[in-house]
Amino acid sequence: MQPFTYSMLSFLAIFSLCFQFNFTNIFATSRFQLESKLHTNETDTDFIKASCETTRYPDLCYKTLSPYASTIETNAMELANAALTVCLKSAKSTSKAVQELLKGRDVSMRDGQAVADCLENMSDYVDEIKKSMVEMKDLDGPDFKEKLGNLKTWVSAALTDEDTCMDGFQEDSNVVKNVKIKETIRGYIVNLAELTSNALALITNIS
């Protein structure tokens with residue numbers, strides 16, 4: 001029995017050491033991976049924050065783009081593409097919100113026409129942003145400067161669409177008489193214009 005007991009004790013001692021060693025290694029590896037991930041996330045968000053400082057609306061820029069940090073990492077093209085994605089989503093939600101705003105309301109023909117014109121401009125805006133996003137996917141290559149120029153042109157055109165939409169909703173405009181409709185739509189368009197301005201700045205930074 002004594003040799004057997006001694007062997008069992010030896011086995012248990014060795015097993016215990018192996019378990020402690022493996023547990024320590026697993027814990028150390030997990031901790032290293034976690035710290036590396038946190039460091040990477042900090043680096044990514046720092047890149048976004050620094051890039052957003054070059055825009056006219058840095059706080060809005062960082063707020064809307066930081067959720068895309070894991071995709072953007074430290075890539076200027078991915079950052080610009082994320083900015084266009086945010087613009088597209090905002091434009092679609094704005095158009096939907098404006099349409100919902102008019103439901104069940106008794107608006108004048110003049111107000112209704114101004115809103116209809118604005119929605120048409122928003123449709124043009126969406127088309128410009130979509131073209132920009134397609135061009136962004138194939139930006140590399142010998143035609144880089146030409147494609148980048150197209151991007152700037154289309155995003156600038158999108159800004160013009162917003163400006164045209166805003167004509168009837170300025171504070172001193174007499175086109176739209178309904179104050180609530182005017183202020184609500186103006187708020188949507190101003191926010192979209194700021195997002196688009198930021199996107200244009202980030203596209204310019206690529207060059």
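Before I start, one term: when I call a residue buried, I mean that its relative accessible area is under 20%. Please also keep in mind that what we are looking at is a predicted model.

Let me begin with the chain as a whole. The secondary structure of the protein chain comes to 7 helices and 0 strands, and of its 207 residues, 34% are buried. If we take the contacts between residues at least 6 apart in sequence, 72% of them join residues that are at least 24 apart.

Now I would like to turn to helix H6, which covers residues 144-166. Which residues of H6 are buried? They are Lys147, Leu148, Leu151, Val155, Ala158, Leu159, Asp161, Glu162, Cys165 and Met166, and the buried residues of this helix pack against helix H4 (76-102), helix H5 (109-137) and H7.

From the side of H7, which runs over residues 179-206, we can follow threonine 196. Threonine 196 has a relative accessible area of 0%, and because the cut-off for buried is under 20%, we call it buried. Leaving aside neighbours within four places in sequence, threonine 196 is in contact with Val155, Ala158, Leu159 and Glu162, and also with Cys87 and Tyr125. Isoleucine 203, again not counting residues up to four places away in sequence, touches Leu148, Leu151, Lys152 and Val155, as well as Ala80, Leu84 and Met136.

In soluble globular proteins, nonpolar side chains tend to be buried together. In this model the largest nonpolar core has 45 residues, and those with the most contacts inside it are Leu65, Leu84, Tyr125, Ile129, Met136, Ile185 and Ile203. Helix H1 (2-52), helix H2 (58-65), helix H3 (69-72), H4, H5, H6 and H7 each supply at least two residues of this core, while the largest share, 11 residues, comes from H4.

Finally, where is there space left open? The largest pocket has a volume of about 180 Å³, and of the 10 residues that line it, the closest to its centre are Tyr57, Leu159, Asp163, Ala193 and Glu194. The elements that give two or more residues to this lining are H6 and H7, and H7 gives the most, with 4 residues. By kind, the lining residues divide into 5 nonpolar, 2 polar and 3 charged.

Conventions: Residues are numbered from 1 along each chain as its sequence is written. This is a predicted model: local features need pLDDT of at least 70, side-chain atom pairs count only at pLDDT 80 or more; totals for chains, interfaces and linings use all residues. Side-chain values use heavy atoms; hydrogens and water are left out. Buried means under 20% relative accessible area, exposed over 50%, partly exposed in between (1.4 Å probe, protein chains only). Contact means heavy atoms within 4.5 Å. The expected span of a helix is 1.5 Å times one less than its number of residues. A nonpolar core is a set of buried Ala, Val, Leu, Ile, Met, Phe, Trp, Tyr and Cys residues joined through side-chain atoms within 4.5 Å. On a 1 Å grid over the protein atoms alone, a cavity is a set of points where a 1.4 Å probe fits but cannot get out, and a pocket is an open set with protein on both sides within 12 Å along at least five of seven lines; lining residues have an atom within 4 Å of a point. Grid points are joined across faces, edges and corners, and a volume is the space filled by probe spheres set on the points. Ala, Val, Leu, Ile, Met, Phe, Trp, Tyr, Cys and Pro count as nonpolar, Asp, Glu, Lys and Arg as charged, and the others, Gly among them, as polar.
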